[in-house]
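This report describes the packing and the charge pairing of one protein model. The sequence and the structure are shown first.

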Amino acid sequence: MDLLRRLGQFLDRPGFPWKTLIIGFGITQYVFEGFLSLRQYKILQQTKPPKALEGEIKQETFDKSQAYGRAKSQFGFVTSLYSQVQNFGTIYYDILPKLWDLTGIWLHRYSPKSFTGEIVHTLIFFFTYNLITTIINLPISYYSTFVLEEKYGFNKSTVRLWVTDLLKGQALGIALGAPLLSAFLAIVQRTGDIFFYYLFLFGIVVQLFAITIYPIAILPLFNKLSPLEEGPLKTGVEALAKRLNFPLKELCVIDGSKRSAHSNAYFYGLPWKKHIVIYDTLIEKSETEEVVAVLSHELGHWSLSHTTKLFGIAQFHMFYIFALFSVFIKNRSLYQSFGFHKEFPIIIGFILFSEALAPMDTVVKLLMNILSRKFEFEADEFAVKLGYSTELARSLIKLQIQNLSTMDADWMYASYHFSHPILPERLGALGWSGKEKKADLKAMDDEKSSVVTGREL
């Protein structure tokens, strides 16, 4: 505590150019990530597949994958610039203090006297800000779904469904966000300098609540879950779960096809009661043994305690975030640098603190991707030991083709952005000999699917 207090005093320096520093962080990160994207774009201009895939991927498939990758990359250049302009404009033109003052006027004029104070003001500010940013980003979301994904055959959604999902998301954000944000603010207000301990405990409770309530009350608002029908797939998955002592409670199919041709499969639940969910697109476009192989990889993450380790790391990360926030929450020079001279709202402090923490978050992201790629190799090895080497390799190749995924990657770009190894690396680790027949684009063009797990296969 004393260390945090002294650090807070050291950083609270009148006249310190926090705004300039944070704008500088943002521009530096934008330039760095743009540099990495340009390196990757050169890879996407290659005309021949990597040597490891020459016997597996037809030239026509590779060309289409490269075109899709370039289209996404070009779109990424636009969206990153769009986001950078938004962030720069918000900071440079003091949008936050202006919006805080405006919502304060609304609160004073139109709300009853009983609805006053920082918590109510923060809720109005937060949801107004969220609504504005959602509206500003609508063109990006629309283009991604109905132009880019539509062009390459992945989009299955309609404008009506897209709008419905958007409205449901906003309503859900208010219904859940209001009490959670209110509790967050109340804890900070009432627990003094040690508020971060209580926030940490609150965060754990929220996560456990989310694990329990999400599949019951939230997921059904967007998708339909049905029990997996009796048959070879159900028998195979249940046998796999029994073999690994995986506490399988329920095996379900989700109607992911109503929005996208992309596929997914994941498990969730408490340690003693797990549920496996498989997308209908994955079942439709894969052989039974391939789906079981995919799940053997996923259950490998569970068996090797990867999910537990990542959960533990996430808790440590959450604790240090809240602890560092206690250093900045009373930093008047930070508030004043961004136009807050009379009021020092908690939510504003957290937003500004998050901006100041961006360089550290970049390092954390890099380290977590390194760890994640290590876990992916280990989960693949686990599937191999279960006897699914061939099925998993075949599934990876098929999904790569169906998804038009990037066949190769620049090492710097991959190290920074990718949480999973690229296909040639995974096939090499699986010992894939390439004896299978070369994959045929024409036979799979209508079978495009994507990621295979919540962590992506």
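## Terms and basis

Contact means heavy atoms within 4.5 Å. Helices are DSSP runs (H or I, at least four residues), numbered from the N terminus, as are strands (E, at least two). Buried stands for under 20% relative accessible area and exposed for over 50%, with partly exposed in between (1.4 Å probe, protein chains only).

This is a predicted model, in which local features need pLDDT of at least 70 and side-chain atom pairs count only at pLDDT 80 or more, whereas totals for chains, interfaces and linings use all residues. Residues are numbered from 1 along each chain as its sequence is written, and side-chain values use heavy atoms, with hydrogens and water left out.

## Helix α5

Helix α5 has 19 residues and spans 27 Å from its first C-alpha to its last, close to the expected 27 Å at 1.5 Å a residue; the expected span is 1.5 Å times one less than the number of residues. The buried residues of α5 are H121, T122, L123, F125, F127, T128, T133 and T134. These buried residues pack against α4, α6 (138–151), α7 and α14.

## Nonpolar cores

A nonpolar core is a set of buried Ala, Val, Leu, Ile, Met, Phe, Trp, Tyr and Cys residues joined through side-chain atoms within 4.5 Å. The largest one has 41 residues, of which F184, F338 and I348 touch the most other members. At least two residues of this core come from each of α2 (18–43), α4 (95–110), α5 (118–136), α7 (159–190), α8 (195–218), α12 (306–328), α13 (332–337) and α14 (346–356). Helix α12 gives the largest share, 9 residues.

Beyond its neighbours within four places in sequence, I348 is in contact with L96, W100, F125, Y335 and F340. Another core lies apart from the largest one and has 37 residues, including L53, A241, F246 and V292.

## Surface patch

A nonpolar patch on the surface is formed by I27, V31, F88, Y92, Y93 and I95, which together have about 560 Å² of accessible area. Such areas come from the Shrake-Rupley method with a 1.4 Å probe, and for residues only the protein chains shown count as cover. Patches consist of residues with over 30% relative accessible area and no salt bridge; nonpolar side chains (Val, Leu, Ile, Met, Phe, Trp, Tyr) are joined within 5 Å and like charges within 9 Å.

Helices α2 and α3 (59–92) give two or more residues to the patch. I95 is placed in helix α4 and counts as partly exposed because its relative accessibility is 35%.

## Salt bridges

The structure holds 10 salt bridges, each a side-chain nitrogen of Lys or Arg within 4 Å of a carboxyl oxygen of Asp or Glu. E230 and K234 form one of them (3.0 Å, N to O). E230 is exposed at 66% relative accessibility, whereas K234 is buried at 16% relative accessible area. K374 and E378 are joined at 2.5 Å, N to O; both lie in helix α15 (residues 358–385), 4 residues apart, about one turn of the helix. K374 is partly exposed at 44% relative accessibility, and E378 is partly exposed at 25% relative accessible area.

R426 pairs with D380, the closest N and O atoms being 2.8 Å apart. R426 belongs to helix α18 (residues 423–430) and D380 to helix α15, so this pair ties together parts 46 residues apart in sequence. Both R426 and D380 are buried. Elsewhere, salt bridges with shared partners join E287, E290, R394 and K398 into one network.
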